[in-house]
Amino acid sequence: MLSTAPQVVRSAARLLLDSLLPPQCLACNAVVAAPGSLCADCFGRVDFIAPPLCERCGTPFEGAVIDDLVCGACLKDPPAFSRARAAFVYAEDSRALVLKLKHGDRTDAAVHLARWLQRAGAELVASCDVMVPVPLHRWRLLMRTYNQAALLANALGRLAGKPVAPDALVRTRSTPSQGKLHRNERQRNVARAFAVKSPNAIAGRRVLLIDDVLTSGATANACSRALLEAGAREVDVLVLARVAKPA
Ligand SMILES: [Zn+2]
Ligand SMILES: [Zn+2]
């Protein structure tokens, strides 16, 4: 992660300011009782994911489910990772939480959001040996300054007492923004876009891949494949928000 002197000064100023001002809602700037919480309005709008959900990809099921089930999409085309879990549904109302982190105006939010990750992925966190963030390509890192996945992974690693290998995975080529692409195009777009830079941190270990948003799963799959090829024993995926596909 890049860290320049003005940023350090800014975050120090931010810390000082935070200690003087009343705590603000993580999503909007309304005053709340406790730091790292949501105001009542925002809480009502965030769709937290709870069981029943697909054992593999974590997609929430609508209605009652009799057994532990795997969704149709995972049966048809099993993902490269073992399990994926997300804290909440990525929708218009919850985007603000992810964007805050993305644009770095509330990087302190990562510390609080890491608790949501831990709750949503308790089993995955407990069974992992090392956490690895999905990397940003260098020029995006330069433009955005923060890799939100790395911020989350570092905060979660500290919280859970697990090692983080922030640079284990690298992007080998820049991929066009995924936003406007269809599922197949996304898969083509990210295939072979990742490589493991430090296989020693990965080989024989259970890896927990961390990202902010899971959309088609193409990025998570490409990263998982690279990690498994480098000798990872297993790869799970934990994200803040996922697009909910009808299961
Ligand atoms: Zn709010
Ligand atoms: Zn599934």
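## Overall composition

The protein has ten helices and six strands, where helices (H or I, at least four residues) and strands (E, at least two) are DSSP runs numbered from the N terminus. This is a predicted model, in which local features need pLDDT of at least 70 and side-chain atom pairs count only at pLDDT 80 or more, while totals for chains, interfaces and linings use all residues. Residues are numbered from 1 along each chain as its sequence is written, and chains are lettered from A and ligands numbered from 1 in the order in which they are written.

Of the 247 residues of the protein, 36% count as buried; a residue is buried if 20 or more other C-beta atoms lie within 10 Å of its own, exposed if 12 or fewer, and partly exposed in between, with C-beta atoms placed from the backbone. Among the contacts with a separation of 6 or more, 72% come from residues 24 or more positions apart, two residues being in contact if their C-beta atoms, placed from the backbone, lie within 7 Å.

## The parallel sheet

Four strands form an open sheet in the order E1-E6-E5-E2, with parallel pairing, and two strands are taken to pair if DSSP finds at least two bridges between them. Strands E1 and E2 (130–133) stand at the edges with a single partner strand each, so one side of each is left without a neighbour in the sheet. From one strand to the next the twist averages 20°, with axes being lines fitted to C-alpha atoms, for helices over the stretch in contact, and angles running from 0 to 180 degrees between N-to-C directions.

Strand E1 (residues 83–89) is joined to E6 by six bridges; Ala86 stands opposite Val239 in E6, and Val89 stands opposite Arg242. Eight bridges join strand E5 (residues 206–214) to E6, with Arg206 the bridge partner of Glu234 and Val207 that of Val235. Four bridges join E2 to E5, and Pro133 stands opposite Ile210 in E5. Both E5 and E6 are mostly covered: seven of the nine residues of E5 are buried, as are eight of the nine residues of E6 (residues 234–242).

## Helices against the sheet

Strand E5, helix H10 (residues 218–229) and strand E6 make a right-handed β-α-β unit; a crossover is right-handed if, with the strands pointing away from the viewer, the path from the first strand over the helix to the second runs clockwise. Helix H10 lies across E1, E5 and E6, running at about 160° to E5, whereas helix H5 (residues 109–120) lies across E1 and E6 at about 130° to E1. Nine of the twelve residues of H10 are buried, so this helix is largely enclosed by the rest of the structure; among them are Ala218, Asn221, Cys223 and Leu227. At 1.5 Å a residue, the twelve residues of H10 should span 16 Å, which agrees with end C-alpha atoms 16 Å apart, the expected span being 1.5 Å times one less than the number of residues. Just after H10, Gly231 takes a positive phi of about 105°.

Ten of the 13 residues of H8 are buried, including Gln148, Leu151, Leu152 and Asn154. Just after H8, Gly161 takes a positive phi of about 65°.

## The nonpolar core

The largest nonpolar core has 62 residues, a nonpolar core being a set of buried Ala, Val, Leu, Ile, Met, Phe, Trp, Tyr and Cys residues joined through C-beta atoms within 7 Å. Those with the most contacts inside this core are Leu117, Leu152, Leu209, Ile210, Leu227 and Leu240. Not counting residues up to four places away in sequence, Leu152 touches Ala110, Leu113, Ala114, Leu117, Pro133, Ile210, Asp212 and Leu240.

## Local features outside the sheet

The peptide bond from Pro51 to Pro52 is cis, with omega near 5°, and Pro52 lies in the loop between helix H2 (40–45) and helix H3 (72–76). Most residues other than glycine have a negative phi, and most peptide bonds are trans.

Gly44 has its place in helix H2 and is exposed, with 10 other C-beta atoms within 10 Å. Gly44 and Asp93 are 49 residues apart in sequence and 9.7 Å apart in space, C-alpha to C-alpha.
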